[in-house]
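Here are my notebook pages on this one. Have a look at the model first, and then follow along with what I looked up.

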Amino acid sequence: MAKELDIQEASICPSTIQMLVKAKKDGVQTCYDRANDMAACPIGDKSACCKNCSMGPCRLSPKDPYAKTGVCGATIDTIQARNFARMVVSGAAAHTDHGMAMLDLFKEVVHGKITDYTIKDVAKLKYVCSEIGIATTVTEDGGVKDRDVKEMALELAEELEKTYTQVEGEIPFMKRVPAKTLERWRELGIVPRGSMRELMEMMHRTHIGVDQEYNNITKQFQRTALSDGWGGSMVATEISDILYGTPKAVHGWVDMGCLDADYVNVIVHGHEPNLFESMIDAVNDPKNIEKAKAAGAKGINLGGMCCSGAEVLMRHGVPHIGNFLSTEAVIVSGAVDAMAVDVQCIKQALAPLSECYGTKFVTTNPRAHIEGAIHVELKEDEPRKCVDKVVEMAIERYKNRNKPVEIPQYKQMSIAGFSHEYINYMLGGKFRSSYKPLNENIINGRIRGVAGVVGCTNPRVKHDWVHVEVVKELIKNNVLVVQTGCSAISLAKVGLMVPEAAKYCGDGLAEICETVGIPPVLNVGSCVDNSRILIACAEMVKTGGLGERISDLPVAGSAPEWMSEKAISIGQYFVSSGVYTVFGATFPVTDNTKFKDLLFKGLADQVGGSWDFAKDPYEHAQLMIDHIDRKREALGIQEKQERKLFGMEDRRAL
Ligand code: SF4
Ligand code: MSK
């Protein structure tokens with residue numbers, strides 16, 4: 001029999017702990033209990049098994065990996081490489097399908113067939129056009145004037161569609177990749193074509209009896225991952241900004257204390273922003289507010305979870321209730337009247353758990369039905385039908401609440417909204433927006449380097465703890481941290497996403513945070529917004545002084561508590577872009593194999609980036625800091641420079 005779950009050791013989030021205690025009292029289970037009951041399969045954990053055909057499934061020994069092969073003769077390296085490739089495919093497909101859905105919506109909006117959404121950010125539209133060589137002005141009657149928005153948007157949509165459908169040739173956002181990095185990809189033959197082609201070819205090659213040489217498989221999964229980061233994900237981010245506005249710094253509360261027992265509580269959880277944007281309209285509609293009041297509530301209270309929540313925290317400051325591992329815990333509060341979900345990271349267990357508490361659990365996307373959920377499809381040409389229905393069900397449930405409500409009273413203010421454009425503006429001001437101050441402060445040593453700490457939470461490790469400890473170590477050592485997804489929420493909950501958190505930083509980083517008025521930990525958005533970090537890296541290279549390739553930069557990546565296949569695709573596109581990337585929790589490879597050597601060492605010679613693994617947060621952070629120091633040394637900027645006061649000459653040079 002499995003030992004009883006030690007709730008105090010399961011998480012550092014007091015809200016989640018309080019709800020796990022309540023769950024135990026209520027006799028319901030969460031993923032923490034299930035993870036405690038079921039140990040991870042030791043062979044699968046090391047990626048030493050294959051079920052790609054019915055001669056298997058075949059299991060090799062992680063302890064003696066070359067002792068046997070599969071029935072077909074597949075070696076441990078082939079099996080691991082194929083498994084890894086399939087994780088990349090699944091993760092990349094999730095992001096690219098999300099991006100393609102955004103592009104489909106964008107086209108319908110531009111054609112005027114969908115009117116509930118509009119182009120909110122024309123400046124962003126122009127910026128993206130200019131980045132990929134689409135004209136934003138026309139010359140007429142001898143003068144230059146702005147191009148028609150619709151015409152420009154249609155050309156952009158047509159061009160970006162190539163991100164998915166292009167059979168041969170480079171996808172549009174390759175124009176953003178620093179020249180030397182792109183040159184290397186061309187030499188290696190890993191510049192992505194359209195993602196549909198890359199995903200299809202990768203799946204073909206992992207079928208039994210096709211690609212059985214791990215180096216060659218790795219080459220194709222690098223290409224596939226790059227088609228996600230610089231393709232599908234980037235399109236999702238850029239189109240979302242054009243339709244809903246580019247984020248800029250905004251205050252937003254996080255944690256379960258944002259729920260309110262006197263209000264009808266509605267939560268949106270998932271990934272695509274459309275459902276949430278329409279839900280914001282619905283909960284602010286006076287007619288719906290009146291209905292809520294007629295049912296005895298003070299009004300309607302809206303909160304987000306996971307990446308749906310991250311998107312609207314970034315854009316509108318809508319409260320964020322918690323990350324992936326808190327999605328069941330929040331239902332246990334009894335305060336959630338409806339939870340509407342779309343795609344990705346939605347645990348099937350939410351359906352039966354919601355039933356226990358009378359919460360209306362509503363799936364809204366045709367691609368993601370869940371047994372036991374109520375399905376109300378969100379049709380983009382009439383989205384209010386769906387969201388108004390969810391609100392109606394939530395009000396009904398509020399009226400008939402018959403379970404005790406217990407809301408954890410923890411909440412924390414955070415600042416979100418650090419898009420690439422906002423960082424540019426924040427550093428250089430409106431007329432001189434630039435990454436130059438960032439590069440200069442890296443060169444002069446006040447900022448040691450930049451780390452992207454991202455990814456999920458996972459019940460196999462102490463919830464939020466690894467994220468928080470890794471980030472605390474980094475900022476203490478003057479490493480500026482940028483964050484996305486569930487990891488960002490872990491840090492927002494402990495109060496590190498406010499300028500006052502400068503007190504936890506080393507002297508140099510603290511000085512920058514105090515001068516600019518920023519937190520040392522910047523929330524840059526959702527999972528697809530990792531593309532914003534790629535753009536920031538490219539911008540740092542283009543700004544100058546830190547080398548010619550992304551791999552020259554003193555930067556590192558990390559996913560301390562990852563769990564999803566999307567995280568593997570994200571990690572791979574960072575590695576292939578040249579970023580040293582450390583994962584925690586677990587890593588799907590067998591020790592002492594050629595494939596592991598390739599991922600952890602060999603890739604550095606090819607693309608400049610490589611994978612690493614450390615479960616312990618302090619070792620994890622140290623690996624990243626050591627890498628940053630090696631890069632500083634290679635750039636010749638390892639010595640901390642004396643502080644220099646800006647004279648008129650310097651200002652002119654700027
Ligand atoms: Fe086993 Fe080979 Fe079939 Fe995989 S493809 S299950 S290793 S026989
Ligand atoms: S939601 S992919 S648990 S970050 Fe994007 Fe969080 Fe990971 Fe899902």
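This is a predicted model: local features need pLDDT of at least 70, side-chain atom pairs count only at pLDDT 80 or more; totals for chains, interfaces and linings use all residues.

**Ligand shell.** I began with ligand 1 and listed the residues that have a heavy atom within 4 Å of it. The shell consists of Cys50, Asn52, Cys53, Met55, Gly56, Cys58, Gly70, Val71, Cys72, Ala74, Arg82 and Ile208. I sorted them by type, with Ala, Val, Leu, Ile, Met, Phe, Trp, Tyr, Cys and Pro as nonpolar, Asp, Glu, Lys and Arg as charged, and the others, Gly among them, as polar. That gives 8 nonpolar, 3 polar and 1 charged.

**Ground rules.** Residues are numbered from 1 along each chain as written, chains are lettered from A and ligands numbered from 1 in written order, and side-chain values use heavy atoms without hydrogens or water.

**Cores.** Next I looked for nonpolar cores, meaning buried Ala, Val, Leu, Ile, Met, Phe, Trp, Tyr and Cys residues joined through side-chain atoms within 4.5 Å. Buried is under 20% relative accessible area, exposed over 50% and partly exposed in between, with a 1.4 Å probe and protein chains only. The largest core has 167 residues, and Phe106, Trp230 and Met279 are among those with the most contacts inside it. Helix 5 (residues 76–110) gives the largest share, 14 residues; helices here are DSSP runs of H or I, at least four residues, and strands are E runs of at least two, numbered from the N terminus. Apart from this core lies another of 26 residues, including Val28 and Ile370.

**Aromatic pairs.** Which rings pair up? I paired rings of Phe, Tyr and Trp (its six-membered ring) with centres within 6.5 Å, calling planes under 30 degrees apart stacked, over 60 edge-to-face and the rest tilted. The count comes to 16 pairs. Phe84 and Phe221 are tilted, 5.1 Å centre to centre with 45° between the planes. Phe84 lies in helix 5 and Phe221 in helix 10 (residues 214–244), so this pair ties together parts 137 residues apart in sequence. Phe84 is buried at 1% relative accessible area, and Phe221 is buried at 0%.

I then checked Trp562 and Phe583, another tilted pair, at 5.4 Å and 50°. Trp562 sits in the loop between strand 16 and helix 23, and Phe583 in strand 17, so the pair joins parts 21 residues apart in sequence. Ring pairs link Phe84, Phe221, Trp562, Phe583, Phe587, Phe595, Phe600 and Trp611 into a cluster.
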